[in-house]
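Student: Before we look at the labels on this model, I would like to see each one set against its criterion. Can we go through them in turn?

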Amino acid sequence: MTQVNYKTMSDIDLLAYVKQHPEDQEAFYVYVDRKRAASNAVPMTLEQAEIELQRRVNQQQ
């Protein structure tokens, strides 16, 4: 079996590959890691999440 080089694939090509090869867990993890790295999500505690939610609610009022 030929080894696939996920790093040379574009996000679109990698997503298509993951959809066509759902058994390839390594490809899935590479895709998820890549998308997480591209996002600006920051882990927070429950308390921080509650404060942020309240801030957003107040902002909409």
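Tutor: A salt bridge requires a side-chain nitrogen of Lys or Arg within 4 Å of a carboxyl oxygen of Asp or Glu. Keep in mind that the model is predicted.

Student: What makes arginine 55 and glutamate 52 a salt bridge?

Tutor: The closest N and O atoms of arginine 55 and glutamate 52 are 2.5 Å apart, and the cut-off is 4 Å, so the pair qualifies. Arginine 55 and glutamate 52 are three residues apart in helix α3 (residues 46–60), which means a separation of about one helical turn.

Student: Why is arginine 55 called partly exposed?

Tutor: Its relative accessibility is 41%. Buried would need under 20% and exposed over 50%, so arginine 55 falls in between.

Student: Which other residue forms a salt bridge with glutamate 52?

Tutor: Arginine 56 does, with an N to O distance of 2.7 Å. The whole structure holds four salt bridges.

Student: How do you know that aspartate 11 and arginine 34 are paired?

Tutor: Their side chains meet at 2.9 Å, N to O, and a salt bridge needs a distance within 4 Å, so the label applies. This pair links distant parts of the chain, with aspartate 11 in helix α1 and arginine 34 in helix α2, 23 residues apart. A network of salt bridges links Asp11, Arg34 and Lys35.

Student: How do α1 and α2 pack?

Tutor: Helix α1 (residues 11–20) and helix α2 (residues 25–38) pack at an angle of about 145 degrees, with axes 9 Å apart. Their crossing is left-handed. Among the residues making the contact are Asp11 and Tyr17 of α1, and Phe28 and Arg34 of α2. The contact residues comprise eight nonpolar, no polar and three charged.

Student: Why is the pair of tyrosine 6 and tyrosine 17 called tilted?

Tutor: The ring planes stand at 55 degrees and the centres are 5.9 Å apart. Tyrosine 6 is in the segment before α1 and tyrosine 17 in helix α1, eleven residues apart.

Student: What makes tyrosine 6 and tyrosine 17 buried?

Tutor: The limit is under 20% relative accessible area. Tyrosine 6 has 7%, so it counts as buried, and tyrosine 17, at 11%, also counts as buried.

Conventions
Residues numbered from 1 in each chain as written. Predicted model: local features only at pLDDT ≥ 70, side-chain atom pairs only at ≥ 80, totals over all residues. Heavy atoms only, no water. Axes fitted to C-alpha atoms, helices over the stretch in contact; angles between N-to-C directions. Helix = DSSP H or I, 4+ residues; strand = E, 2+ residues; numbered from the N terminus. Left-handed = near helix turned anticlockwise from the far one by under 90°. Contact = heavy atoms within 4.5 Å. Nonpolar A, V, L, I, M, F, W, Y, C, P; charged D, E, K, R; others polar. Phe/Tyr/Trp six-rings, centres within 6.5 Å; stacked < 30°, edge-to-face > 60°. Buried < 20%, exposed > 50% of the residue type's maximum accessible area, 1.4 Å probe, protein only.
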